[in-house]
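Here are a few exercises to work through with the coordinates open. Try each task before reading its solution.

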Amino acid sequence: MIQLENVEKVYRTDRIETVALEDVNLHVERGQFVSIMGPSGCGKSTLLNVIGLLDAPSGGTLTLAGEEIANYSDRKLASFRNAKLGFIFQSFHLVPDLTVADNVEIPLLYRRVSGSERRRMALEAIDRVGLSSRARHFPGQLSGGQQQRVAIARAIVGRPEILLADEPTGNLDSQMGDEVMNILESLNEESTTIVMVTHDARLAERTDRTVRLFDGRRVD
Amino acid sequence: MKAQLQLALRVLARRKFFTFISLFGISFTLVVLMLVTAIVDHVFATHPPETRLERTLGVYRMELIGKDFRRRSGPNWSFLDQQIRTLPGVERVSIFRVQHGVDAYHQGRKMKLYIKRTDGEFWKILDFRFVEGAPYTSADHDAGRFVAVINESTRERFFGDAPALGRSITIDGQTFRVVGVVEDVPITRVIPFGDVWAPITTAKSQAYRFEQYTDDFMALVMAKSPADFPRLKAEVQRRTSLTPVGGPDDFERRNTALETPFEALASQLPSGELGERLGIAPPLLLGGMLALMAILFMILPAMNLVNLNLSRILERASEVGVRKAYGASKRQLVMQFVVENVVLTLIGAAIGLALSVAALHLINTSGAIPYADFGVNLRIFGWGVLMAIVFGVVSGVFPAWRIARLHPVLALKGESR
């Protein structure tokens, strides 16, 4: 499902060259739940951004869902992300001006889906994370755990094959974190491939396998 | 598009302060534009009774110029009678006097009325709407008959709902027989305005016939065709230069012109002297100054809107990052913000229209401007809305385009540059 071969990511400015990823190889099977661990600044988020097509690798090859992603235009990348990928961010990134339902609908706005069908799918995803009673609330009216569950609903509303989670429990207490992890596990049981960046070894133990990074290299 | 419209309305409803400030700016600008154009339109555009403006010019001012001074006033009667009434090749010429405020008494009640003294031709050049009777004629004028035309409001004050035709009114100690009643004319139509119109020859004193310099008369000249205007203007210039100034030596020359009311206004405002000094026709200079003021007036709120939009959109970098992550293209993002702006502009325009109608209604009914009947000029309003939409699009496109180009990772971090 996810195949990285000799992937590099180098950030260059006029004077400085920073190697964020170096010769990273990774193979994730369909339906696997993989965690990525490592100290701050080791390249975990960069790796996730590369897999999520938010950042282009400086070298190497990347294959997602059987498609080798090379020389894709911005439009094609956007279309691929919309169809195949779901994102969960540490700081939720919900749009404060929109209700829970409107936030969850966002990925569907960029597909050919009617308004009523969009709303039906959004409510179904919200129900999936146990927030049906909050569909008309605004993010500011929800707890951190609830906001992250909304973010998960948004990530799964388009039924993506791959879910990418960047420290999804990083801003939550342990109980809320467990709740979020339970949802991710149940999604994984339905064969969604999940790659999760985490600092929490306890959560990493609950995944199928853990990839460890140090200074941009795999060390596991 | 429907989803974008709904989204725009939700965002605007949530961001109340920004929405209020933007709507205030847009609607206030449109209201001022509407009020100014309504007044300008009322003063200068073709409206009854001035329905023949395209063929009519006037002599509205007379200047006597000395070495170190100018005396500005209206022309004297004898100049108009001898030099303007005798212009060759014109259809009609009317001489009339600027209206005067006079007191009238009726059933022990004092009233302030404006009386305008005119000749009989006045009624043939201007197209008053008579609700009773007819105007007095040149024969009435020449014979000095004490006949008068009054407006509807004056009829109501004197006679209530009853007809006025043939009845008498006493104004400023003179008694007139009412021969006609016309619809009210607002004071902004300076030339035809009055409450009561009577022959010049009924003036209490005939001294005006002997006034040699300036007075408070004016003349209307109705040409056979607008093509005659240059010839007539040149002829008036020629006749003015040949007319002796007379009187004390202090005066060196007369200056007057056959012109439109706007040209007369431009000559009497500072644009007149400035235009003479710069060699630019005063109406052109005044028109240019007014256009510049209008543009500046529109540009300031537009720039403010651009600035507001820029900061509003840039603070939504994180949202843009999320939308990009979920597949929004640059075009879709730009479209989203532009739709928000256009929706905002249209709401502002609707509020502006409603406030303009309310403000004009208030002015019309307040009595501050006698007989005012200002209306919204829908053509100007249409242009105003169109300009506002253009500003809305332009002010939305730049910040939206800028933020749509952001790298999604940077946008997710909330970085706007």
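This is a predicted model: local features need pLDDT of at least 70, side-chain atom pairs count only at pLDDT 80 or more; totals for chains, interfaces and linings use all residues.

**Exercise 1. Which residues have the most contacts inside the largest nonpolar core?**

Step 1: Residues are numbered from 1 along each chain as its sequence is written, and chains are lettered from A and ligands numbered from 1 in the order in which they are written.

Step 2: pick the buried residues (20 or more other C-beta atoms within 10 Å of their own; 12 or fewer is exposed, in between is partly exposed; C-beta atoms are placed from the backbone). A nonpolar core joins buried Ala, Val, Leu, Ile, Met, Phe, Trp, Tyr and Cys through C-beta atoms within 7 Å.

Step 3: The largest core has 86 residues, and A:Val104, A:Ile126, A:Ile152, A:Ala153, A:Leu164 and A:Val195 have the most contacts inside it. Skipping residues up to four places away in sequence, A:Ile152 touches A:Ile88, A:Val129, A:Val180 and A:Ile183 (contact: C-beta atoms, placed from the backbone, within 7 Å). Another core lies apart from that one, with 47 residues including B:Tyr136 and B:Ile191.

**Exercise 2. Where do the buried residues of H3(B) fall, seen down the helix axis?**

Step 1: list them. Helix H3 of chain B (residues 77-84) buries B:Trp77, B:Phe79, B:Leu80, B:Gln83 and B:Ile84. Helices (H or I, at least four residues) and strands (E, at least two) are DSSP runs, numbered from the N terminus.

Step 2: check the directions from the helix axis to the C-beta atoms. The buried residues of H3(B) fall within an arc of 165°, so they line one face of the helix.

Step 3: find the partners. Among the elements they pack against are strand E4 (90-97), strand E13 (217-223) and helix H7 (229-242) of chain B.

**Exercise 3. Is A:Gly41 buried or partly exposed?**

Step 1: locate A:Gly41. The residue sits in the loop between strand E3 (33-37) and helix H1 (44-51) of chain A.

Step 2: count. A:Gly41 has 14 C-beta neighbours inside 10 Å, so it counts as partly exposed.

Step 3: look across the chain. A:Gly216 is 175 residues from A:Gly41 in sequence, yet their C-alpha atoms are 8.3 Å apart.

**Exercise 4. How many helices and strands does chain A have?**

Step 1: count seven helices and ten strands.

Step 2: Of the 220 residues of chain A, 47% count as buried.

Notes:
Two residues are in contact if their C-beta atoms, placed from the backbone, lie within 7 Å.
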